[in-house]
Amino acid sequence: MPTDLHAWHSLLQHHEAIRETPMREWFAAGDAAQRVEQFSLEAAGLYLDFSKNRITPRTFALLMQLADEAGVPKRRDAMFAGDHINATEDRAVLHIALRAAPGASFKVDGKPVMPAIHDVLARMRVFSERVRGGGWTGATGKRITDVINIGIGGSDLGPRMVCRALSHLAGGGPRMHFVSNVDGTELAETLERLDPEQTLVIVCSKTFTTLETMANANSARQWFLAGGVAEHQLARHFAAVSTNLEAVRAFGIDPANMFEFWDWIGGRFSLWSSVGLSIALAVGFDAFDDLLAGGRAMDEHFGSAPLARNMPVILGMLGIWYRNFFGMPTSCMAPYSTSLELFPAFLQQLEMESNGKSVQLDGRHVRAHTAPVVWGSAGTNGQHAYFQLIHQGSQIVPVDFVAPLRPPRELPGHHAKLLANCFAQAEALMRGRSAEELRATGLSDEIRIAHMVFEGNRPSNTLLMDDVTPHTLGALIALYEHRTFVQGVVWNINSFDQWGVELGKILAKPIEGELTGGQAASASGHDASTGALIARARAALGGA
């Protein structure tokens with residue numbers, strides 16, 4: 001167990017020694033510049049300043065020792081080797097192969113995987129270029145102007161986030177729309193502003209049986225038929241990202257337009273695969289290829305850099321420090337870029353679905369807290385919403401600030417204001433504001449002073465990139481994938497399954513039948529609360 005490791009016990013003792021020390025003392029010291037140099041690094045086009053953390057060189061050394069004792073390098077190498085590190089599903093975890101160069105030697109169960117990966121990528125390039133170039137048309141010969149990606153979870157959040165982040169590079173490509181919720185409102189509101197003759201739908205489901213996705217796909221199918229597209233022409237308006245060839249064919253999609261991916265790709269790590277077809281359609285395949293290159297650059301850094309100069313390891317271990325030794329239950333992602341406004345939502349799934357576990361690999365319960373609650377939104381909006389809590393709330397929330405040094409779209413004077421706010425928030429969290437400083441301004445009302453004091457000593461990281469390009473975005477995503485992996489290794493959990501979502505899916509099927517069919521809820525064996533809810537819903541839906 002992680003709590004049995006020598007470094008864990010050393011960190012517990014060290015935490016007692018420094019937990020009350022204000023960071024501003026370290027920055028007031030004569031070696032503050034050395035602190036920034038020691039606690040910052042660059043990799044794959046990203047610059048990380050982690051000097052505003054409640055750490056000393058001793059803390060940092062112990063955190064790196066913990067990463068080593070927990071087996072992070074060994075587990076990382078096992079992942080890169082294609083070992084079945086997803087033990088509960090007996091699968092390899094090789095999303096890194098999806099963004100590897102063609103000559104890489106990744107294998108699964110002894111079989112090379114790169115030829116199949118690059119065959120799919122080549123087909124994605126041809127298809128996306130035909131659609132964007134007007135060579136692929138709808139059934140009536142009209143150009144495709146709109147694409148709807150129908151998926152959920154990893155088949156939605158990743159591509160949706162990337163398409164939003166890189167929308168400034170669309171360059172005349174089709175407008176992208178994403179539908180995930182089984183609530184019909186989302187699909188209905190999307191379809192009502194589109195022309196079926198000029199719309200293409202990507203159905204993104206590995207099994208082609210996902211309840212929410214197939215409900216939306218079937219409703220979209222009916223929309224095309226009602227809009228005048230003949231059934232035998234539906235294939236002009238659909239593509240599939242799946243492995244279920246027979247189900248795809250039965251739906252009416254040409255198997256030539258089915259793009260495969262594999263069971264060793266977890267959903268939340270799948271945007272690098274054919275799940276990213278929507279990205280290639282939105283911004284062009286060359287940009288998608290550059291996204292892969294950015295992810296690959298971070299993979300190479302993660303796979304080779306020593307622990308103390310390894311960006312994913314450093315971020316992961318800082319998260320361990322605050323979650324397990326300071327007991328901080330949440331963390332905040334604050335991207336100071338409207339282009340990255342969906343990154344916090346993407347990160348929620350990545351971290352909370354991966355590490356929201358309480359059972360170790362050996363089946364025993366973890367004796368330490370695992371994933372924090374992840375939340376956040378784009379700055380500067382967050383400053384006028386939840387930053388009050390971050391600055392003066394009773395719980396301390398570590399913050400990751402992410403900002404491009406150049407904006408995707410420029411308006412004179414705007415970006416300097418944005419960056420000024422980003423840097424000022426991080427400085428204010430670290431410094432705080434004392435009663436003495438307030439009195440020095442001439443303020444004498446002690447009650448007011450009490451309300452205006454900022455304790456400070458609140459940690460943050462600042463990640464900078466030159467601009468929001470496919471390459472830097474790819475590196476950023478891969479950074480947080482590997483950060484999540486590092487933490488899972490330390491907690492000794494499987495970051496690559498998600499059994500917690502299964503029970504609700506199982507229970508939903510009979511409830512749906514009770515809501516729409518003839519079975520009475522009272523006879524179904526539900527608890528009294530669920531039975532009463534079903535009965536009320538049946539009455540509203542016109543059931544017995």
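**Exercise 1. Determine which side chain makes a polar contact with the side chain of Glu353, and describe the setting of Glu353.**

Solution. Step 1: the partner is Arg268, whose side chain lies 2.8 Å from that of Glu353 in a polar contact (a pair of N or O atoms within 3.5 Å; within protein, one must be able to donate a hydrogen and the other to accept it, and residues adjacent in sequence count only if both atoms are side-chain atoms). The model is predicted: local features need pLDDT of at least 70, side-chain atom pairs count only at pLDDT 80 or more, and totals for chains, interfaces and linings use all residues. Residues are numbered from 1 along each chain as its sequence is written, and side-chain values use heavy atoms, with hydrogens and water left out.

Step 1: Glu353 belongs to helix α15, residues 343-355 (helices, H or I, of at least four residues and strands, E, of at least two are DSSP runs, numbered from the N terminus).

Step 2: Glu353 counts as partly exposed because its relative accessibility is 23% (buried means under 20% relative accessible area, exposed over 50%, partly exposed in between; 1.4 Å probe, protein chains only).

Step 3: beyond residues up to four places away in sequence, Glu353 touches Arg268, Gln348, Asp497, Gln498 and Val501 (contact means heavy atoms within 4.5 Å).

**Exercise 2. State where UniProt places the feature "active site", and locate these positions in the model.**

Solution. Step 1: the unreviewed UniProt entry assigns this feature to Glu353, His384 and Lys505; UniProt positions are given in the numbering used here, feature names are shortened, and annotations may be inferred rather than shown by experiment.

Step 1: these positions span 153 residues of sequence and are also spread in space, with up to 37.4 Å between C-alpha atoms.

Step 2: from this set, Glu353 and Lys505 are part of the lining of the largest pocket (on a 1 Å grid over the protein atoms alone, a pocket is an open set of points where a 1.4 Å probe fits, with protein on both sides within 12 Å along at least five of seven lines; lining residues have an atom within 4 Å of a point).

Step 3: His384 sits in the loop between β11 (373-375) and α16 (387-392). With 71% relative accessibility, His384 counts as exposed.

**Exercise 3. Characterise the largest pocket by its volume and lining.**

Solution. Step 1: the largest pocket holds about 1200 Å³ of space (grid points are joined across faces, edges and corners, and a volume is the space filled by probe spheres set on the points).

Step 1: 41 residues line the largest pocket, and Thr210, Gln498, Val501, Glu502 and Lys505 lie nearest its centre.

Step 2: α10 (211-226), α15 and α21 (502-516) each supply at least two lining residues; α21 gives the most, with 6 residues.

Step 3: the lining of the largest pocket comprises 15 nonpolar, 16 polar and 10 charged residues (Ala, Val, Leu, Ile, Met, Phe, Trp, Tyr, Cys and Pro count as nonpolar, Asp, Glu, Lys and Arg as charged, and the others, Gly among them, as polar).
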